[in-house]
Amino acid sequence: MEPVAAAGTGGHVSADGLIAELLDMGFDFDDIAAAVGAVGPRRAEALEVLLGGSGAGAGQARRGGGTPSRPASRAALPRPAGKGTQLRNPRGRLRQSSITDHIASGAGSRNGSGREASTSFPCSETPVDHRVPVGVDVCSKLGPELQSLVENLRADCSHKDKITAVLQKHFGFSSLKGFQMEVLDAWFAHKDCLVLAATGSGKSLCFQIPALLTTKIVVVISPLISLMHDQCMKLAKHGISACFLGSGQPDSRVEGKAMAGMYKIVYVCPETVLRLMEPLKKLAEKPGIALFAVDEVHCVSKWGHDFRPDYRKLSVLRENFNSTKLKFLKHDIPVMALTATATIPVREDIVKSLKMSEDTKIVLTSFFRPNLQFSVKHSKTSASSYRKDFQELIGTYNASRKFKGKENQLLHEIEPGSESSSYDSLNDSASDDEDSNIDSASCGDKNVGKTRTGMPLVKENTENQLDLYPGVDDFDVSCGEFLEGSQSESSAFPAQSNEASLSECLDQGPTIVYVPTRKETVELANFLCKSGVRAAAYNAKMPKSHLRQVHQQFHCNGLEVVVATIAFGMGIDKSNVRRIIHYGFPQSLEAYYQEAGRAGRDGKLSDCTLYCNFLRAPTLLPNKRSEEQTKAAYRMLRDCFHYSLNTSTCRAKILVKYFGEEFGPDRCDMCDVCINGPPQMHDFKEEAIVFMNVLQGRSIWPEKVWGSTKFQNGCQSYTGKAS
Ligand SMILES: Nc1ncnc2c1ncn2[C@@H]1O[C@H](COP(=O)(O)OP(=O)(O)OP(=O)(O)O)[C@@H](O)[C@H]1O
């Protein structure tokens, strides 16, 4: 657009130049817009209006803050009463009506807007009227060219100002991360958006901020009641009213209130969304739905690691909440889909399954986590190898406790529950599996285990069931409801020099050990307890009271190690987890990266080790699955094998490439491969030829295979020195 010349004092300055100049002087954007609207693009007159008819105010504005304050912060923050407010504020007379469809003036969280978020959870009983009276649109007083200029500038500045204001007010952060801004830009443009950002990078803010910028409601679809509960509690602490709907909601009135627009953010599980289609359409009309956010959206995809069939039905959102179907809508209600882990096929599947629009914006951040140190170790991953594999971990925690002079002191002792016996009950219930008996030599004094944690366990919890393909229940014990009252932690990723000493960092936080079966959670926790570590077992079948205690202890640093199935999963947002150990194969590399990503959310060096036993791997495969699903499971397992068998490529590189990202630095210089280098080459040709002769003698190999040069050369092979 051609700039419009500003007349008056100062000669030929363009209108946008004038607005920029006035912003630079520290005036509020709304005030400038009102002034320019009243007198046109003339500097002197506009200043007159802004200064209340005298030239003195300009000086005041300058003197008041030394140098004029940055418009963003000035406009964003509530104007202080007193000196700084001596300028006549035309806001009372002229008020913007709207910036975009999303943004209503003065709405959201600003004080005085009429809507103040509830700080209690569930949200306040009293309905709060968040519809803000709309004033006169200053733009209507301008010529068309200037009108559009003001609209654009106003939108740009005002978005940022408002975002900064709500960010500071509700979350205490000074700015958005780059990817968060990109996501919000897409939302401002009414676009669907697929967000792929690392675990703990701050995806939630992308859909929480819109709720605070508009008078409309944000609907968040989430797979787990416990996750929703957790998020609502966190939002309540930030002064934002939120609720969750679904089977886990104890208060039957909440749904009605939510559908009447009384909560800024409404969390629902997919089944509930499907049930509430009609009330949601009414909500979309009044007060309006700003956005549908589909969290953990990889659950949509059959190729992902957490497939939930109901997620696929969420295409109803795009099909129903568009301006063609709902005539009162000016724009389609944007769908924002978010996940930390999705390969390229999974991404395509998500966009297709949710029927997201063709111009869906994809916001992708790097999957690389520079503070995570990956390694693979080969092990029997059974009770007989605990001593060897966990010696270092035990030593680290015991040494650290000795160092602190707390050798015999427990931070928290969890009272044994009435329903439980101790970990020792495990030995009575050991299965036929030869590996399931705890190596008695390694257990030491039985009593040590009891007194170290006293963690209650029921005997029935020791069944040897695979948790790898769990039901909703297995996931839904993961976090939220167990965290009430525990500290919420910040978990941005501050840059951390990799030069920091590993031992310095690693002993300062807890460890999560993921094991494939429930039985192993108990076995290993028992072993660690008996070795003096404050450890606890966690799996979906344990009593809720126990799980709650584990969560609470873990979050207040009362536990050093949690030995868990994948049930200890989504929603774990603890910043100082120093190690994630997978003692057995994960379900897929996506699952692995998500689980490993729970380490080092504080940006400090953290360790992610996978112990694998190829002989155990096939037991991970499902038995009640379709052919297609079985194939997919095999593919996932193959990728895990590839990762584990690799001895020549940087592990971080393999992982980020798995998610379709080109890895810039080529090596992380931290993983076992980067540090130890590939194993030495050994020539096994002779042994192989003897072996092949034997096979040939038994007619297993045809002459043309074993005699070929390719085969003979292939006999020169690697050995894994690390194993
Ligand atoms: N702009 C920001 N500045 C500073 N900290 C931020 C910012 N945005 C988010 N955070 C912090 O980052 C942490 C992680 O945020 P959040 O839980 O939203 O991550 P996530 O990407 O949803 O993680 P996950 O994938 O595990 O669900 C939170 O503690 C949050 O307060």
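Visitor: Why is Cys193 called buried?
Guide: Buried means a relative accessible area under 20%, with exposed set at over 50% and partly exposed in between, using a 1.4 Å probe and protein chains only. Cys193 has a relative accessible area of 1%, and is therefore buried. This is a predicted model, in which local features need pLDDT of at least 70 and side-chain atom pairs count only at pLDDT 80 or more, while totals for chains, interfaces and linings use all residues. Side-chain values use heavy atoms, leaving out hydrogens and water, and residues are numbered from 1 along each chain as its sequence is written.

Visitor: How do you know that the structure holds zero disulfides?
Guide: A disulfide is a pair of cysteine sulfur atoms within 2.5 Å, and the structure holds zero of them. For Cys193, which is in no disulfide, the nearest cysteine sulfur is that of Cys206, 7.7 Å away. Cys674 is likewise in no disulfide, the nearest cysteine sulfur being that of Cys671 at 3.6 Å.

Visitor: What makes Cys674 buried or exposed?
Guide: Its relative accessible area is 11%, so Cys674 is buried.

Visitor: And on what grounds is Val316 classified as buried?
Guide: Val316, which lies in helix H14 (residues 315-320), has 18% relative accessibility and therefore counts as buried. Contact means heavy atoms within 4.5 Å, and, leaving aside neighbours within four places in sequence, Val316 is in contact with Leu274, Met277 and Phe321. The C-alpha atoms of Val316 and Leu354, which are 38 residues apart along the chain, are separated by 7.8 Å.

Visitor: Why are H25 and H26 called roughly antiparallel?
Guide: Helix H25 (residues 627-645) and helix H26 (residues 651-658) pack at an angle of about 160°, with their axes 10 Å apart. Angles under 35 degrees count as roughly parallel, over 145 as roughly antiparallel, 65 to 115 as roughly perpendicular and the rest as oblique, and H25 and H26 are therefore roughly antiparallel to each other. The contact is made by Asp639, Tyr643 and Ser644 of H25 together with Arg651, Ile654, Leu655 and Tyr658 of H26.

Visitor: What makes up that contact of H25 with H26 by class?
Guide: The contact has four nonpolar, one polar and two charged residues, where Ala, Val, Leu, Ile, Met, Phe, Trp, Tyr, Cys and Pro count as nonpolar, Asp, Glu, Lys and Arg as charged, and the others, Gly among them, as polar.

Definitions and conventions:
Axes fitted to C-alpha atoms, helices over the stretch in contact; angles between N-to-C directions. Helix = DSSP H or I, 4+ residues; strand = E, 2+ residues; numbered from the N terminus.
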